[in-house]
Amino acid sequence: MDGLTRLQCRSLMRAAQNVAASASCLAFKTPPVRRNASTSTSGNSLAWPHNLSKTNCLLTPGPAAAPRKERVVILGSGWAGYAAARTLSPSRFERVLISPRSHFVFTPLLASTSVGTLEFRAAIEPVRRLGLDEFHQARATSIDFKNKVIRVEANERGDVSAATRRPQINGEEFDVKYDKLIIAVGCYSQTFGIEGVREHANFLRDVGDARAIRLRILDAFETADLPTTSDEERRKLLHFAIVGGGPTGIEFAAELHDLIDEDLARMYPGILDFCTITVYDIAPKVLPMFDSKLAAYATEIFKRQGIRVKTEHHLTRIRRDGRTLMLRIKEEPEEVGAGIVVWSTGLMQNPLVQQLVETEIDGRGKLAKEPKTGGIVTNSNMQVQLRWPDGESNDATATLEDVYAIGDCISVQGSPYPATAQVASQQAVYLAKQLNRGMGNFSKPFSFRNWGVMTYLGGWRAIHQSKADSLKGWAAWMLWRTAYLTRSMSVRNKIMIPVYWLITWIFGRDISRF
């Protein structure tokens, strides 16, 4: 150290020693080691530098802790719940999904799975593949909005088909907390209190329903083919009744016709003449969401295919008579026998929604209820609305903080949207994107974009209607298949669906019973 005095050299050495000690403290969060010959016979002892505070060293802060993510709980894994969980940002929110089923169902393809055109797994998406923070296969039984706690009952049965005749199994109960809540529980099938529907009809809302229908159809053909079965019983067993002339009922009738005409006719040639398909509806025409020309075209196609369409017919009772079902139709002089009744008309609110709209919320009133549908009323931002305690009108409402609702279980103020998959999924994507933008930052209200409606009619023909145009026949069928393929959620199903279509076209449908 040429050019420096002895005193300057000692000062520089002492400063270097203190800097080294400070660096050691910051790195290891432990006191540094320093030699002090005056206090140790060995020449080595633990001591602190004279200009380094123990407090400063021990309390040196580490890296800043990440802020706690808001906990968003979604009730339901249908079109609304699944789309919301899929769109919410995992970096901003802790995503928790609660649903009695562990999968999302692509409902437009259920009719195809019920007759073997597609396999069941091609129409479902496991929700755990979304990479959620938590998933509970359970159903919400009550909600404490004040303390932000949901009471949940585990679904230990697993099967959540719409067949309501199965006994309910009570599971374990537990609580789930939330910061924000999205109610997307959907609706149930409406039976209108008609005797025997709940006990004997088959619904078509989940893969469990599709599986039950598929087995029942094949059982009916096997029983009818037995040499001990009389012609009268064959006629009843092979009569397939569909109640409801909406897209679900019409598409199931079309898919069933394809199954019988393309596959079962070759395997059961002796009993084919006994097969009949009948669509019953109380309305003057089927497919009321289509214009009269397209609805008439659908009816004409069904007539050519031998499918009977009976409008303005009222089912009043279903009862079991041995191996068949007997239907009491108001407009028919006698009971009509059938091997299966597929029920695809009407919606009713989920029991949770029915309970919530009648529950008082900490002196703030009740959830606003839509008089006609019984659904939860929301504003155009999907925020749940409260009805004032002293009034019955839904016109004057207040917003319930941090609670949102989407899908079939709601009614948006001033906008009577239909209860369709399009509306539910668009509401979910809108809400999730608004939440991703930041707390309370709703830049614009929800606006529904109608992509049109389409229905398969069998024999590679369909109808499509939108604001821009309408199609029918083979061109509409191509659009129908393309739309359903592109709207499938996962890449896996986008690959498997056309593969199953190709297998069915080459080898026919699988009619195994298992």
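Okay, let's start inside: Trp79 and Phe106 are both buried, where buried means under 20% relative accessible area, exposed means over 50%, and partly exposed is in between, with a 1.4 Å probe and protein chains only. Before I go on, this is a predicted model, so local features need pLDDT of at least 70, side-chain atom pairs count only at pLDDT 80 or more, and totals for chains, interfaces and linings use all residues. Residues are numbered from 1 along each chain as its sequence is written, and side-chain values use heavy atoms, with hydrogens and water left out.

Back to our two residues. The whole structure has 13 aromatic pairs, and Trp79 with Phe106 is a tilted one, at 5.2 Å centre to centre with 50° between the planes. For the rule, rings of Phe, Tyr and Trp (its six-membered ring) pair if their centres lie within 6.5 Å; planes under 30 degrees apart are stacked, over 60 edge-to-face, and the rest tilted. Trp79 sits in helix H3 (residues 79-87), while Phe106 is in the loop between strand E3 (103-105) and helix H4 (110-114), 27 residues apart. These helices (H or I, at least four residues) and strands (E, at least two) are DSSP runs, numbered from the N terminus. Both residues also belong to one aromatic cluster, with Tyr456, Trp480 and Tyr484 among the other members.

Now, H3 again. The chain goes from E1 through H3 to E2 in a right-handed β-α-β crossover; that is, with the strands pointing away from the viewer, the path from the first strand over the helix to the second runs clockwise. Strand E1 (residues 70-75) and E2 run parallel, joined by six bridges. Two strands pair if DSSP finds at least two bridges between them.

How much of strand E2 (residues 93-99) is buried? Six of its seven residues are, so E2 is largely enclosed by the rest of the structure. Val96 of E2 has Val73 as a bridge partner, and in E5 its partner is Glu134. E2 runs parallel to E5 (residues 134-144) too, through four bridges.

Last stop: the open sheet of three strands, ordered E24-E25-E26 with antiparallel pairing. E24 (453-458) and E26 (470-473) are at the edges with a single partner strand each, so one side of each has no neighbour in the sheet. Five bridges join E24 to E25 (residues 461-465), and Met454 stands opposite His464 in E25.

That's my tour, thanks!
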